[in-house]
Number of protein chains: 2
Amino acid sequence: MLSNSSKYALKAVLYLGINSSEEKKVLSKEISDRTNIPKAYLSKILQPLSRHHIVSSVRGPGGGFYLSKENRAVPLIDIIHIIDGDHRLTSCLLSLKECNAEHPCPLHDLVGDTKVRFVKNLEGTTVEDLVADIEAGRSFLPL
Amino acid sequence: MLSNSSKYALKAVLYLGINSSEEKKVLSKEISDRTNIPKAYLSKILQPLSRHHIVSSVRGPGGGFYLSKENRAVPLIDIIHIIDGDHRLTSCLLSLKECNAEHPCPLHDLVGDTKVRFVKNLEGTTVEDLVADIEAGRSFLPL
DNA sequence: TCTTTTTTATGATATTTATCATATTCTAGG
DNA sequence: CCTAGAATATGATAAATATCATAAAAAAGA
Ligand code: FES
Ligand code: FES
């Protein structure tokens, strides 16, 4: 459903959501240490996120990664699209060219509605929504 | 969500559900040709299915694969468990040790209920149920 | 301007998954 | 029994993912 890389991306972004701010930047090494994401792999994931303005970064001393106001308003689906592309989530479980209700594969009805709803949720939920959940103790970021 | 191997397994079993019977056995080559599953890969997938009595087989001239009455009553989840093991489907999206509502990860509520329902559906649906759907034109097996 | 700190970029290795190829065993029929 | 047709078992290769390592670029401070 989600690639390992997407999981890491989401974890890293959420970690930044909780622990960073414009004033308090965070080193990739800290993210790596705290989330158990391999350091170099994490770097490779943060790059496209940075390029696409999902996270903010400055280099040099005192630099690091952080989430700006705008970053926090990004819908989760954007993160997944950047890392996994936009086909993985919506593709047919049995690899029909297209997943739609007019020409459904045998599994479509077993999952269809639920998959669509998940995608909708990813579109309608932002990073700050999840950060709020975590900070309110409604959910827990795996560390 | 489902591995490629599971997709192939389901496709192959459904193909047999439609095209085989105790009297009309089907060669693995035919399955491979019709479903575009690579021949040797398919063989490797059919073996554990045969061992676990998901499909029936006889070797030698006139032999092949087919689905018995009992095979048709197998719930879909069994096929997936044999191929993917029983963790892949139920594991946490963000790789918490366990996915449960008491200690949910930030994504849990975006998908949780729906994932549980999908698994329930896989447990409650048998091969013959899906075959009936296909034969009634309610769904389509990718060929 | 030099050094240090950090991200960014690129390439190499390892692991997993998918695919291919070949040898072995079983079974029916002559 | 002998042969041929089939599944079964095992091992080898290829491709995709995940991981590691290193070099380059930018920014800050002395
Ligand atoms: S058509 Fe296969 S999951 Fe929708
Ligand atoms: S706890 Fe992560 S999906 Fe349920």
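Which residues line the largest pocket? In this predicted model, they are Leu27(B), Ser28(B), Ser43(B), Leu46(B), Gln47(B), Ser50(B), Ser57(B), Val58(B), Arg59(B), Gly63(B), Gly64(B) and Phe65(B). Some of those names turn up again at the DNA: Ser57(B) is among the closest residues to DNA strand D, and Arg59(B) is among the closest to DNA strand C.

Here are the ground rules. Residues are numbered from 1 along each chain as its sequence is written, and chains are lettered from A and ligands numbered from 1 in the order in which they are written. Local features need pLDDT of at least 70, side-chain atom pairs count only at pLDDT 80 or more, and totals for chains, interfaces and linings use all residues, while side-chain values use heavy atoms, with hydrogens and water left out.

**The pocket**

- The largest pocket holds about 260 Å³ of space. A pocket here is an open set of points on a 1 Å grid over the protein atoms alone, where a 1.4 Å probe fits, with protein on both sides within 12 Å along at least five of seven lines; lining residues have an atom within 4 Å of a point. The volume is the space filled by probe spheres set on the points, which are joined across faces, edges and corners.
- In chain B, α3 (39-51), β1 (56-58) and β2 (64-66) each give two or more residues to this lining. Helices (H or I, at least four residues) and strands (E, at least two) are DSSP runs, numbered from the N terminus.
- The largest share, 4 residues, comes from α3(B).
- Sorted by class, the lining has 4 nonpolar, 7 polar and 1 charged residues. Nonpolar covers Ala, Val, Leu, Ile, Met, Phe, Trp, Tyr, Cys and Pro, charged covers Asp, Glu, Lys and Arg, and the others, Gly among them, count as polar.

**DNA strand D**

- There are 24 residues around DNA strand D, and the closest are Asn4(A), Tyr41(A), Arg59(A), Lys44(B) and Ser57(B). Near means that a heavy atom of the residue lies within 4 Å of the strand.
- Polar contacts (pairs of N or O atoms within 3.5 Å) include Tyr41(A), whose side chain has an N or O atom 3.3 Å from a phosphate oxygen of DNA strand D.
- Ser50(B), from the pocket lining, also has a side-chain N or O atom 3.1 Å from a phosphate oxygen of DNA strand D.
- For Arg59(B), the partner is a sugar or linking oxygen of DNA strand D, 3.3 Å from a side-chain N or O atom.
- α3(B) gives the most to this surface, with 4 residues.

**DNA strand C**

- DNA strand C also has 24 residues around it, the closest being Lys44(A), Ser57(A), Asn4(B), Tyr41(B) and Arg59(B). Sugar and phosphate make up 65% of its atoms within 4 Å of the protein.
- Tyr8(B) has a side-chain N or O atom 3.3 Å from a phosphate oxygen of DNA strand C.
- Here α3(A) supplies the largest share of the surface, 4 residues.
- By class, this surface has 10 nonpolar, 9 polar and 5 charged residues.

**How the two chains relate**

- A 180° rotation with 0.0 Å of shift along its axis puts chain A on chain B, with RMSD 0.1 Å.

Conventions:
Polar contact = N/O pair within 3.5 Å; in protein donor to acceptor, adjacent residues only side chain to side chain. Least-squares fit on C-alpha atoms with pLDDT ≥ 70 in both.
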